[in-house]
Amino acid sequence: MMRVLFVGDVFGQPGRRVLAAQLPLLRQRADFVIVNMENSAGGFGMHRDAAEGALKAGAHCLTLGNHAWNHKDIYPMMQDEASYPIVRPLNLSDPGAPGVGWRSFDVKTPGGTERLTVVNLLGRVFMDAVANPFRVMDEFLERPGMGSVFVDFHAEATSEKQAMAWHLDGRVAAVIGTHTHVPTADTRLLPGGTAFQADAGFTGPHDSVIGSEMDGPLQKFLTERPHRFGVAGGRAELNAVFVQIEGGKAQGIERYRYVEE
């Protein structure tokens with residue numbers, strides 16, 4: 001049995017702080033740790049300091065999303081597979097984009113070593129134009145030697161995420177959603193052995209509007225004009241999912257949430 005911990009979107013300095021404090025404790029319950037770092041640099045993208053902080057805290061793989069290109073200092077890091085295990089979206093329309101959309105790892109477990117492949121996908125509903133994630137995954141899964149496949153589906157619409165999980169049921173071990181920052185209560189094992197949750201939730205400011213100080217989003221809704229969104233302060237929360245995998249299929253899935261006092 002391989003135990004995988006997936007931590008939802010890390011948002012700004014508060015998210016990095018709670019990740020650094022809690023991940024060393026949580027990783028004792030997991031053989032492999034995946035952390036979505038999409039918003040870790042001021043709420044938009046990931047920079048070098050954020051990446052190195054997450055790896056130091058115990059992450060084995062860092063996934064991204066629609067803000068993957070906000071900080072150019074990670075472009076060369078994306079190519080350094082040995083030092084920086086970063087996975088950006090697989091279904092980008094540009095074939096020459098920096099980095100890769102999947103990586104395979106040999107994970108040490110109590111019972112031996114198991115192969116785990118991590119894939120990062122972008123959705124298309126209410127998002128920027130990218131290649132069809134359903135077709136891209138069909139083609140990707142024709143590759144041999146992937147072992148157990150874990151999909152971080154960075155998408156807005158829960159319907160698209162649910163559809164992807166059913167499309168991949170029995171072919172991947174897990175489809176866990178990110179991007180909306182609000183954890184969903186639909187955690188389940190599908191009949192074919194795929195673990196699913198539409199959104200893992202985020203790791204960032206607890207008293208906020210999905211990570212931002214309240215005033216900016218409120219003024220935008222009230223005035224219908226653009227306003228500056230700043231990272232909220234105060235206590236932070238960490239949202240994650242534990243998935244137990246054996247033989248390429250999930251055997252269990254559990255939501256996890258921690259909120260600072």
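1. A word on terms before we start: a residue is called buried when its relative accessible area is under 20%, exposed when it is over 50%, and partly exposed in between, using a 1.4 Å probe and protein chains only. Helices (H or I, at least four residues) and strands (E, at least two) are DSSP runs, numbered from the N terminus. Please keep in mind that this is a predicted model, in which local features need pLDDT of at least 70 and side-chain atom pairs count only at pLDDT 80 or more, while totals for chains, interfaces and linings use all residues. Residues are numbered from 1 along each chain as its sequence is written, and side-chain values use heavy atoms, with hydrogens and water left out.

2. Spanning residues 158–168, α5 has Glu160, Lys161, Met164, Ala165 and Leu168 as buried residues. Viewed down the axis of α5, these fall within an arc of 140°, so they line one face of the helix; the arc is that of the directions from the helix axis to the C-beta atoms. Their packing partners are β6 (112–122), α4 (133–140), β7, β8 (174–178) and β10 (195–197), where contact means heavy atoms within 4.5 Å.

3. Glycine 170 follows α5 and has a positive phi, near 90°. Arginine 171 sits in the loop between α5 and β8 and is partly exposed, with a relative accessible area of 38%. Not counting residues up to four places away in sequence, arginine 171 touches Asp138, Leu141 and Thr194. From glycine 112, which is 59 residues away along the chain, arginine 171 is separated by 22 Å between C-alpha atoms.

4. Now turn to helix α4. Its buried residues are Pro133, Val136, Met137 and Phe140. These cover an arc of only 95° around the axis, which puts them on the same side of α4. Arg135 and Glu139 are exposed on the other side of α4. The cover over the buried residues of α4 includes β5 (102–109), β6, β7 and α5. At the start of α4, a side-chain oxygen of asparagine 132 comes to within 2.9 Å of the backbone nitrogen of phenylalanine 134.

5. Histidine 154 deserves a look of its own. This residue belongs to strand β7 (residues 148–154) and counts as buried, because its relative accessibility is 1%. Its side chain makes a polar contact of 3.1 Å with the side chain of asparagine 66, and another of 2.7 Å joins it to the side chain of threonine 178. Here a polar contact is a pair of N or O atoms within 3.5 Å; within protein, one must be able to donate a hydrogen and the other to accept it, and residues adjacent in sequence count only if both atoms are side-chain atoms.

6. Most residues other than glycine have a negative phi. Histidine 179, however, has a positive phi, near 105°; this residue lies in the loop between β8 and β9 (188–189) and is buried, with a relative accessible area of 16%. Isoleucine 210 also has a positive phi, of about 40°, although it is not a glycine. Isoleucine 210 is in the loop between β11 (204–205) and α6 and is partly exposed, at 46% relative accessible area.

7. Where is the centre of the largest pocket, judged by the residues that lie nearest? Phe44, His181, Ile210, Ser212 and Phe229 lie nearest, out of 22 lining residues. The volume of this pocket is about 510 Å³. Helix α6 (residues 215–223) gives the most to the lining, with three residues. On a 1 Å grid over the protein atoms alone, a pocket is an open set of points where a 1.4 Å probe fits, with protein on both sides within 12 Å along at least five of seven lines; lining residues have an atom within 4 Å of a point. Grid points are joined across faces, edges and corners, and a volume is the space filled by probe spheres set on the points.

8. Serine 212 counts as buried at 7% relative accessibility. Leaving aside neighbours within four places in sequence, serine 212 is in contact with Phe11, Pro217, Phe229, Gly230 and Ala232.
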